[in-house]
Amino acid sequence: MTANPSRLIFRPTIHVYHVRPPNSSSKTLTSLHLHLISLSSPISVLPPLRSFRHQSFFSATSRSRPFSSLSSSPERHTPNPSSSVNATSSPSGALSRPPISDVRPKIDANPPKGTRDFPPEEMRLRTWLFQNFRDVSQLFGFEEVDFPVLESEALFIRKAGEEIRDQLYCFEDRGNRRVALRPELTPSLARLVIQKGKSISLPLKWFAIGQCWRYERMTRGRRREHYQWNMDIIGVPEVTAEAELISAIVTFFKKVGITDADVGFKVSSRKVLQEVLRRYDVPEDLFGRVCTVIDKLEKIPLDEVKRELASAGMSEEAIQELLEILSIKSLAMLEERLGTSGQAVGELRKLFSFAEKYGFSDWIQFDASVVRGLAYYTGIVFEGFDREGKLRAICGGGRYDRLLSTFGGDDISACGFGFGDAVIVELLKEKGLLPELGLQVDNMVCSLDPELQSAAALVASTLRGKGQSVDLVLQTKPMKWVFKRAARINAQRLILVGSSEWQNSMVAVKLLATGEQYQVKLDELE
Ligand code: HAM
C-alpha cells in the first residue's frame with residue numbers, strides 16, 4: 001500500500017500555553033490559554049522543553065496529534081487538565097518553555113556576578129593564553145590532565161581556617177551528597193594520584209588548565225570564577241623541582257613579552273616558620289593555622305594578627321620573634337638569624353644557586369613574609385608579583401609533601417603552582433602586550449546567483465578538503481556586504497562563483513591583500 005506522504009509527514013503540533021500571573025500556583029490557572037498549531041514539521045518545531053527558572057510563572061504543555069484528528073476538536077480550546085503540568089514540577093525538574101505572550105519577563109542578560117561570558121574576541125584571547133600555557137608545559141615535558149569541576153566537598157575542607165573554605169560554592173546534590181565546585185585543582189590532583197596508587201611511575205609531571213570557583217570579594221584580577229594553569233611535580237623531594245617550576249613560569253613570561261623589570265617572584269620556605277615554632281615548642285598541628293594567619297599580614301591590622309596567633313597558642317615572645325623574622329628580606333640576614341645548618345636555609349640556598357644556572361636569578365628574591373594562604377604547603381613557597389605593585393599575586397605555589405596523607409593516602413613529595421588567567425591579562429593590558437587576535441580565514445566563498453548556491457558549497461567543500469578554511473556566504477548578499485564581511489573576518493581570498501565562469505567549471509579569485517584577480521578551474525584551485 002502506498003502511503004500518503006502528507007499524512008505521514010505533517011503531524012501538527014498543538015502547543016497549549018497556560019499563562020499564569022506571577023505568584024499563582026499551577027492549580028490556579030487563569031482562563032487565558034494560547035493555542036498554537038504548527039503544521040510544518042513532523043515533530044514539534046519549537047525548541048525542546050528546558051529549564052527557564054526566571055520565567056517560572058509561565059507553564060506550558062505540548063502535545064502532538066495526527067493531522068487527521070485536527071479540526072474543531074474542543075481540545076483546541078479547552079485545556080486538558082492532564083496536560084496542565086506545572087513547568088517546575090516535572091519529574092526532570094526542568095519543564096518550562098520560553099513564554100509566548102505579550103508580557104514576556106526580561107531575563108538579566110548579564111552572567112552571574114563575578115563570572116564571565118567569552119564572546120569570540122574574549123575567547124580568542126583565552127585560547128591564545130591557554131596555548132601559551134600548553135606550549136610551555138609541553139616544552140618542559142609535562143602531560144596534561146583534568147578533573148571534574150564538581151568534587152566532593154570533603155576534598156576542600158581542611159582544619160586550618162583557610163579563606164578558601166569560606167569561599168566554597170557548595171551544596172547538597174539530589175543524592176544527598178555534599179559537593180562543591182572546585183576552588184583549586186591541587187586536591188583533585190592528590191585524589192587522582194591516590195586513586196592511581198602503585199600503577200603510576202614517579203616522578204609525575206602533570207599540568208592542567210581548569211576553571212575554579214571561589215566566592216571572592218571582587219577586586220581587580222579577582223573574580224568568582226577563574227581559570228588556573230597548574231604545573232605539578234609529584235615524587236621529587238629535592239628543590240630541583242621548585243627550580244624547574246619557576247623556570248617554566250619565567251619561560252612563559254618571556255614568551256608573552258614580560259620581563260624581570262615587570263615581574264618578580266618572592267620566595268621563602270615554610271620551614272623557616274617551623275624552625276621558629278619549634279624553638280618555642282608550638283605544637284606541630286598548629287603549624288597550618290599559624291601559616292594561614294600570617295598570610296593575612298597585609299590584609300588585616302597587625303594587632304588582629306597578633307591576637308589570632310595568640311589564640312593559636314603562641315606566646316607573646318614567640319609572636320615577637322616570628323614577626324621579626326617575617327620582615328627579613330635577604331637570605332644572608334636569614335642565615336644570620338637562623339644559622340646555616342638548618343633545612344630551610346639550605347634548601348633556599350640551593351634554589352638560588354639553581355636560579356643562577358637556569359638564568360632566572362634576577363627574577364627571584366627572598367622574602368620571609370611569603371607563607372601562602374593554603375594550609376598544605378610544607379617547604380619552599382613562592383608568589384609572582386608585578387613590580388609596580390598594582391595587582392594581586394599573579395601566580396603562586398610551593399611544596400606540599402604531606403597533602404596525600406590528609407586524604408588517607410601514602411605521602412609522596414610534591415610541589416607545584418597555580419597561575420590564574422585574570423591577573424596576567426590585566427598585566428598584559430597595562431604593559432601594552434595584549435596580542436591583536438583578529439579572526440582569520442583563508443577564503444570567503446560567495447555565489448553571485450541563488451541558483452549557484454550549491455556550486456558555491458561544492459567550491460567550499462573542495463577547499464576545506466584541501467585543508468583551507470572557508471567562510472561560505474549562505475545567502476545571496478550584495479557585493480558591498482560581501483567585501484565588508486571579508487575585511488572583518490580577515491579573509492585572504494574572495495572566491496566568487498558566477499554563472500559565466502561556472503559554465504566552464506571556473507571561479508573568480510580575488511586576493512584581498514593586493515587586489516589581484518584571476519579565474520581558475522575548480523580542480524586547479526589550491
Ligand atoms: P592560589 O594562590 O590560591 O594557589 O591560586 C593560584 C593563582 O590562581 C593565584 O595566584 C591567582 O593567579 C589565581 N587566582 C586565585 N584565586 C583567584 C580569583 N578569585 N580570581 C582570579 N584568579 C585567582 C592555589 O590555588 C594552589 N592550588 C596552587 C598550587 C598548585 N599549589 C601547588 N600546586
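Biologist: Which are the buried residues of H13?

Modeller: The buried residues of H13 are Ala422, Val423, Ile424, Val425, Glu426, Leu427 and Leu428. This is a predicted model, in which local features need pLDDT of at least 70 and side-chain atom pairs count only at pLDDT 80 or more, while totals for chains, interfaces and linings use all residues. Residues are numbered from 1 along each chain as its sequence is written, and side-chain values use heavy atoms, with hydrogens and water left out.

Biologist: What makes alanine 422 count as buried?

Modeller: Its relative accessibility is 11%. Buried means under 20% relative accessible area, exposed means over 50%, and partly exposed lies in between (1.4 Å probe, protein chains only). Alanine 422 therefore counts as buried at 11%. The residue has its place in helix H13.

Biologist: What does alanine 422 touch, not counting residues up to four places away in sequence?

Modeller: Alanine 422 touches Gly221 and Arg223, with such neighbours in sequence left out. Contact means heavy atoms within 4.5 Å. Alanine 422 and arginine 220 are 202 residues apart in sequence, and 8.5 Å apart in space, C-alpha to C-alpha.

Biologist: How do you know that isoleucine 328 is buried?

Modeller: Isoleucine 328 has a relative accessible area of 5%, which is why it is called buried. The residue lies in the loop between H9 and H10. Isoleucine 328 touches Met333, Leu334, Arg337, Phe366, Asp367 and Ala368, not counting residues up to four places away in sequence. The C-alpha atoms of isoleucine 328 and phenylalanine 366 are separated by 8.3 Å, although these residues are 38 residues apart along the chain.

Biologist: Which residues touch the most other members of the largest nonpolar core?

Modeller: Trp229, Phe252, Phe253, Phe265, Leu334, Phe419 and Ile424 do so, in a core of 80 residues. Helix H5 (residues 240-255) gives the most to this core, with 9 residues. A nonpolar core is a set of buried Ala, Val, Leu, Ile, Met, Phe, Trp, Tyr and Cys residues joined through side-chain atoms within 4.5 Å. In soluble globular proteins, nonpolar side chains tend to be buried together.

Biologist: What does phenylalanine 253 touch, not counting residues up to four places away in sequence?

Modeller: With those neighbours set aside, phenylalanine 253 touches Ile258, Val263, Phe265, Trp363, Ile394, Phe419 and Ile424.

Biologist: Why is the pairing of glutamate 347 with lysine 271 called a salt bridge?

Modeller: The closest N and O atoms of glutamate 347 and lysine 271 are 2.9 Å apart. A salt bridge is a side-chain nitrogen of Lys or Arg within 4 Å of a carboxyl oxygen of Asp or Glu, and the pair therefore qualifies at 2.9 Å. Glutamate 347 lies in helix H11 (residues 343-358) and lysine 271 in helix H6 (residues 270-279), so the pair ties together parts that are 76 residues apart in sequence. Both residues of this pair, glutamate 347 and lysine 271, are buried. The structure holds 30 salt bridges.

Biologist: How do you know that glutamate 308 is partly exposed?

Modeller: Glutamate 308 has a relative accessible area of 24%, and lysine 296 is likewise partly exposed, with 24%. These two residues form a salt bridge, their closest N and O atoms being 3.4 Å apart. Glutamate 308 lies in helix H8 (residues 302-311) and lysine 296 in the loop between H7 and H8, so the pair ties together parts that are 12 residues apart in sequence.

Biologist: What makes glutamate 388 count as partly exposed?

Modeller: Glutamate 388 has a relative accessibility of 47%, and it therefore counts as partly exposed. Lysine 390 is partly exposed with a relative accessible area of 45%. Glutamate 388 forms a salt bridge with lysine 390, the closest N and O atoms being 3.4 Å apart. Both belong to a network of salt bridges that links Arg220, Asp262, Glu388, Lys390, Glu426, Lys429, Glu430 and Lys431.

Technical notes
Helices (H or I, at least four residues) and strands (E, at least two) are DSSP runs, numbered from the N terminus.
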